[in-house]
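Colleague: Hi! Could you walk me through this one? I'm still new to reading structures.

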Amino acid sequence: MKSLNFKKNKLASSLAIILGTAVVLPSFAAEDDKIADDEIEVIQVKGIRGSLIRSMDLKRDSSGVVDAISAEEMGKFPDTNLAESLGRITGVSISRSNGEGSQITVRGFGPEFNLITLNGRQMPGTGFTRSFSFENLSSEGVSALEVQKTARAEVPTGGLGATVNIVTVKPLQSPGEKFSLMGKGIYDSSNVAGDDITPEFGGIYSNTFLDETFGVALSVSHHRRDFQKQEANIQGWQANVGLPTLDDDKVIDPRPMDSEGNRIGNHYFAKDMNYGIADVRRARTNGQLTLQYAVNDDLVITTDYTATNAVTATESIGWGIWNNFGANINSYELDSNGTAIYADISGDDGSFSASKDTTEVKSSSFGINFDWQLTDDLHIELDYHDSITEIDNGADKGSGNSGQVILGSDQLASKIYDYREGEIPSVNILWKNGTNEILPSEIDSNFSQFLHNPGESTVQQFQLHSTWANPYNSSLAYVKAGVSSTTQTMSGSSAWSGLRGGPGFDPSFVEMLPDDMFVRHDTGDFLDQFDGGGSDLNPGYYYTYDFDEAVARQTAVLTEEVLGANAYVPDAYYSGSVPQSLVEETTTSFYLQTEWDLEVGDFPVQLNAGIRYEKTEVVSPSESQIPLQVNWVAASEWITDFKPEIEEVTYTGEYDLILPMLDIKVDLTDELVGRMSMGKTITRPGLGNLLGSFSVSGSPKIGARTGGRGNPNLEPYQSTNVDVSFEYYYDEANYLSLGLFAKEVDKWIDNSQVEITIDGIHDIYLGDRWNAAVGQIEARGEQATDSAIFQQMLANNNGNLDGVIEPDPATDPLVTWTISSPENVDERSVYGLEFAVQHVFGESGYGFAFNSTFVDGDVEYDPELLEIQAVLPGLSNSANFQLFYEKDGLSVKTTYSWRDEYLIGQGQSQGSSDVPPQFAKEFGQWDISVNYDVTEQFTVFFDGVNLNNETEQGFGRYEEQFLYARQYGTRYVVGARYSF
């Protein structure tokens, strides 16, 4: 291959390794915008090989530990999803949403620990998080993804795991006219309700004018995917529920006993069991316009605008059971860790649900950048951007909310939960009609609920960088200094309708639900990729009905005259004021960074040393709803009644930090590079944790009387890091690397829990009237189920005219709420090993790449402890393998991505107050991509995603504590690309 030699001025030579994409700050790619040469010959290697070479060169030339993925050519990124591409990088694993790569974990640190920048600019997250969802951004206009794993004084803070920079196309960096147009047809094998083939199309255009002093780049894309998600799930597990005294033949409990005959250890029962099918239509539109003007040889002005719009519309149906525990457990079997794998339970209900949700995420970012070579030795860069992300789960144009209707019946004798065989638990309901199948004529109305939780996140950021290249003959190469100011805000509101449409099953409402409204289905093709799914699932049937029809019938029958405040009222899904939440975080920073080129013995050594100072201020004016009382409105439904007025309080907090860093790179031989990096990095608290608001559950079922409050005085996670690595570059596109890393993380943030009572908020549960009803039921020799207790209290005239039981301050105790509050606690350690190999077999066209990461630390979850624990969600081993052939216009690439079991987080929606965990089982996915160049300009391609039809599974403290099983199917893509 011909060797290219570029002449550079002294400043450009000094900056080539560290500055990155020089149009905006501070990218990590080694590029040189200021090439002063009379004649330059450019040979561009395209395709897989070219992408691997560029990524490898970046890794070798950078200071610190950096990895990257480069576009194979303009408009052609290795994967259509950016997260899937990042999953090929050593140390990076991905989490998926709806079967697509969504967020990343780096070296065991999950999405909230990684900072995502677009051309060096911090981007707003979605919801009250800092996490960036990659599935909302097209890869069409992206030229590179750069992952900085070690501390850099010049890099914006927030990436304790890594800082990922998304680099887009800049026209002046690639002069001339270039154009690429792409079209695809997507077939998703899971799709049922949508279109069999959905489109994706996009294009990118770049050109320069006026003697290459003015450039324009425009990229647009539109993607649509229709698919179906099938899942089974349990909302939560309850620890140490009250167990009745049962005959020995009705209990299997292998746990050991103490000397007094008491079982040793905890026991756990599932709160519910649900199955669901969601038909999803997802559309994403992206666009970016970049304008560049070289005022003269020394000053380049760049302005750009990026916009994204992603709409996900979901219509789902579900069926399942609800359990409230106490004396209604008839028989059970536990395994050795105390988990119920079989339970016969009386009372409560079996239901069929229908839901509609349309969520829209809109993002836009405007930025302007001045890149000025002020003198031969001094370079100035000024950058400003204003970005916003809006999320709205009420984007449905008809109702303006996310709605759910639940129909069913409490006329059941018992229900059996069974997880002794297969991968999915089954339930069998024995109805009072004497069969295990309810009839449409026996289904009545339970309730409907409607939610609307819009939110907005903004980032305004100003950055000024200056670089002085030392013109004198000394080991100091350059000094770089800068200041920045970043203001990030997050705001949102939360509206909930309460339970509308007659909470609690009432046979008098059956007439409004005609038999022909329901359609019966069997489960033959439901979750058929799982052992125990499909036709083996119990129950082997379910009913569906139309959401809009159910709402219309409730609207027509359940008027305000009949049910008062419980009525479903169109276009008024909640009453009273809606609480608003807001947090504003402003960070001012200054940094100083130097580079030294030394000779130690016979070894060239590059040393980078720097320090960054930051001060952060937090303001959170919040509005909270004040609870008045908790009502028991149905056997399995409790509702908190709130004051119509909103309480307003403003909370504040602040902190400052000093963050040092040191990188040492040694060229041990022409092929072997050794590195050591030390530094301090941070991840700021989740913006939701900084909210000063206080809230309690609007549906405080027994065992789930929970609430939360924020903490604006939280300090960031602060990690002291050490990296040591060796890299062997033995050919043009071939290398081996081995790295070790350790992170000591101080100021760890945990959600601590405290039990509180609120004056005046009384609890019907275990009050005098409750206990009297239990005594009456048991005196008749009957089970005191929740349904029986509710009906007995109504019979005792404890209910109001609407059939709602209200608390009695004279005889009922105060409600005990379990409140979760984030706090800075102790220190935790994480350490690991990274290995990567990349090899191209000469000119044969064949090659492969493999990487693996092994991580560990004192942040693992102990399932035996019934308390919140200082753990690290996302910590897991991972590996990626890529095999390819590329020659004579044909390229074939097969990839396999594997991630080991990992902790998703703590907390289950209906779990115990001890905040039990959620774990994901290991996941491995095969993909394939085939491209053929019909001509130099025209390429046809085929992609297969999730060829092995991998499924997703999750569990609680133990694998026997099933939480979810999800099935998506395989996707196939056929398309063409035209470029010139």
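Colleague: How many bridges join β12 to strand β16, and which way do they run?
Modeller: There are two bridges between β12 and β16 (residues 329-334), and these strands run parallel. Strands here are DSSP runs of E with at least two residues, numbered from the N terminus, and two strands pair if DSSP finds at least two bridges between them. Within this pairing, I252 stands opposite E333 in β16.

Colleague: Before we go on, what kind of model is this?
Modeller: It is a predicted model, where local features need pLDDT of at least 70 and side-chain atom pairs count only at pLDDT 80 or more, while totals for chains, interfaces and linings use all residues. Residues are numbered from 1 along each chain as its sequence is written, and side-chain values use heavy atoms, with hydrogens and water left out.

Colleague: Thanks! Which sheet does β12 belong to?
Modeller: An open sheet of five strands, in the order β12-β16-β17-β21-β22, with mixed pairing. β12 (251-252) and β22 (426-431) stand at the edges with a single partner strand each, so one side of each has no neighbour in the sheet.

Colleague: And how does β21 pair with β17 and with β22?
Modeller: With strand β17 (residues 340-345), β21 pairs in the antiparallel sense over four bridges. β21 and β22 also run antiparallel, joined by six bridges. You can follow I416 across: D344 stands opposite I416 in β21, and the bridge partner of I416 in β22 is N428.

Colleague: Why is β21 called largely enclosed?
Modeller: Because five of the seven residues of β21 (residues 412-418) are buried. Buried means under 20% relative accessible area, exposed means over 50%, and partly exposed is in between (1.4 Å probe, protein chains only).

Colleague: New topic: salt bridges. How many does the structure hold?
Modeller: It holds 39. A salt bridge is a side-chain nitrogen of Lys or Arg within 4 Å of a carboxyl oxygen of Asp or Glu. One of them is between the side chains of K184 and E200, at 3.8 Å from N to O. That pair links distant parts of the chain, 16 residues apart, with K184 in strand β8 (residues 178-188) and E200 in strand β9 (residues 197-209).

Colleague: Are those two buried or exposed?
Modeller: K184 counts as buried at 10% relative accessibility, and E200 is buried too, at 6%.

Colleague: Which residue does R520 meet in a salt bridge?
Modeller: R520 meets E437, with 2.7 Å from N to O. R520 lies in strand β27 and E437 in the loop between β22 and β23 (444-452), so the pair ties together parts that are 83 residues apart in sequence. R520 is partly exposed, with a relative accessible area of 44%, and E437 is partly exposed at 21%.

Colleague: Now the surface. Which residues form the nonpolar patch?
Modeller: Y384, F462, V483, F590, L592, I611, Y613 and I658, with about 660 Å² of accessible area together. Patches are made of residues with over 30% relative accessible area and no salt bridge, where nonpolar side chains (Val, Leu, Ile, Met, Phe, Trp, Tyr) are joined within 5 Å and like charges within 9 Å. The areas come from the Shrake-Rupley method with a 1.4 Å probe, and for residues only the protein chains shown count as cover. F590 lies in strand β29 and counts as partly exposed at 41% relative accessibility.
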